[in-house]
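Please look through the structure below before reading the notes. They are grouped by topic.

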Amino acid sequence: MGKSDFLTPKAIANRIKSKGLQKLRWYCQMCQKQCRDENGFKCHCMSESHQRQLLLASENPQQFMDYFSEEFRNDFLELLRRRFGTKRVHNNIVYNEYISHREHIHMNATQWETLTDFTKWLGREALCKVDETPKGWYIQYIDRDPETIRLQLEKKKKQDLDDEEKTAKFIEEQVRRGLEGKEQQAPTFTELSRENDEEKVTFNLSKGACSLSGATSSKSSTLGPSALKTVGSSASVKRKESAQSSAQSKEKKKKKSALDEIMEIEEEKKRTTRTDYWLQPEIIVKIITKKLGEKYHKKKGIIKEVIDKYTAVLKMIDSGGKLKLDQTHLETVIPALGKRILVLNGGYRGNEGTLESINEKTFSATIVIETGPLKGRRVEGIQYEDFSKLA
């Protein structure tokens, strides 16, 4: 068969080999030529085209190396930011995914000899958080995007304001309870007066109160000293019993209020527990990234699978195609009033409910829980990013 035959076994094998990764030492970055063995690389180095490229590079070799180093760094960090975000990941995993692209800049053309040297350089330049473990080097991207920093500051400020409002509300509730208790226990005083100087003042001890009344001298004279003693003793016994019962009721009220406060605090803690991941299957989300083109920008899809908590496999609603995207490229979808939703973050995470109302000023909504032990509970102040429409 002729050399140009496309379907010969050798031609097919050559095409298969050309698609795969070859050894780094047999790659020429100046000519962007990958050789399969040492002999092929030697022949390439002796070729006229390679000699011309060397003459160009010999005029200013540092300029070419700086250019290749900058391209390698930018592409590596872009892949790290887009694919892994701010998660801690092994440097070799990122590098293997980077070199899987055929047109990437090879490391032998840069100022770094090994991946470890490049990882240490990222740590020194404060581009990534770097730490060494028995399993190797781990890196974590540091996001210094002004928009991201602004959103983080706004979120922190909003949380601080929420905490201050909760504290002020709690103090106001305590003051109100204290004032109510004082108003109930406050004694009533009456003016001590008598119309006639000859009348005697008597205390009505049978009622256990401090009310005073005037009585005629003839009526008070009918009571002897023994009668006064018996009345006084019975009144003191009644006062003791009433005091003990009031003390017991106060203790019960205090215990009950303390228990209620503890339950409220625990429920508040559960409500404020949040995570940095929110993806859940069978919810509808919207694509917000423009890197996929206008075909997918602002389009909606249904999450069919969640990978590593931060990556989702979407099925587009309009076209039916499937995409694999990070959660930073997605946002939640707010349904119409009365439609079913799923809580994605906070203390009510995983509960289904219905949307009751929306507060556009605070970017929050009011929902009614439909599943679980909290069924029927009405929850206010759920943020837009904490729930999404169910498919």
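The notes cover a strand arrangement, a helix contact and the cysteines.

This is a predicted model, in which local features need pLDDT of at least 70, side-chain atom pairs count only at pLDDT 80 or more, and totals for chains, interfaces and linings use all residues. Residues are numbered from 1 along each chain as its sequence is written, and side-chain values use heavy atoms, without hydrogens and water.

**Strands**
- Strand β8 (residues 284–287) pairs with strand β9 (residues 300–307) in the antiparallel sense over 3 bridges; pairing requires at least two DSSP bridges between two strands.
- V285 has G301 in β9 as its bridge partner.
- β9 also runs antiparallel to strand β10 (residues 311–316), and 6 bridges join them.
- I307 is bridged to T311 in β10.
- A hairpin is formed by β9 and β10, with 3 residues between them, and D308 in the turn has a positive phi of about 55°.

**Helices**
- The axes of helix α4 (residues 61–84) and helix α6 (residues 115–124), lines fitted to C-alpha atoms over the stretch in contact, come within 13 Å and cross at roughly 80°.
- α4 is therefore roughly perpendicular to α6 (65 to 115 degrees).
- In this contact (heavy atoms within 4.5 Å), F72, R73, F76 and L77 of α4 meet F118, W121 and L122 of α6.

**Cysteines**
- The whole structure has 0 disulfides (pairs of cysteine sulfur atoms within 2.5 Å).
- C128 is buried, at 4% relative accessible area (buried is under 20%, exposed over 50%, partly exposed in between, with a 1.4 Å probe and protein chains only).
- C45 is partly exposed, because its relative accessibility is 23%.

How values were computed: Helix = DSSP H or I, 4+ residues; strand = E, 2+ residues; numbered from the N terminus. Axes fitted to C-alpha atoms, helices over the stretch in contact; angles between N-to-C directions. Parallel < 35°, antiparallel > 145°, perpendicular 65-115°, else oblique.
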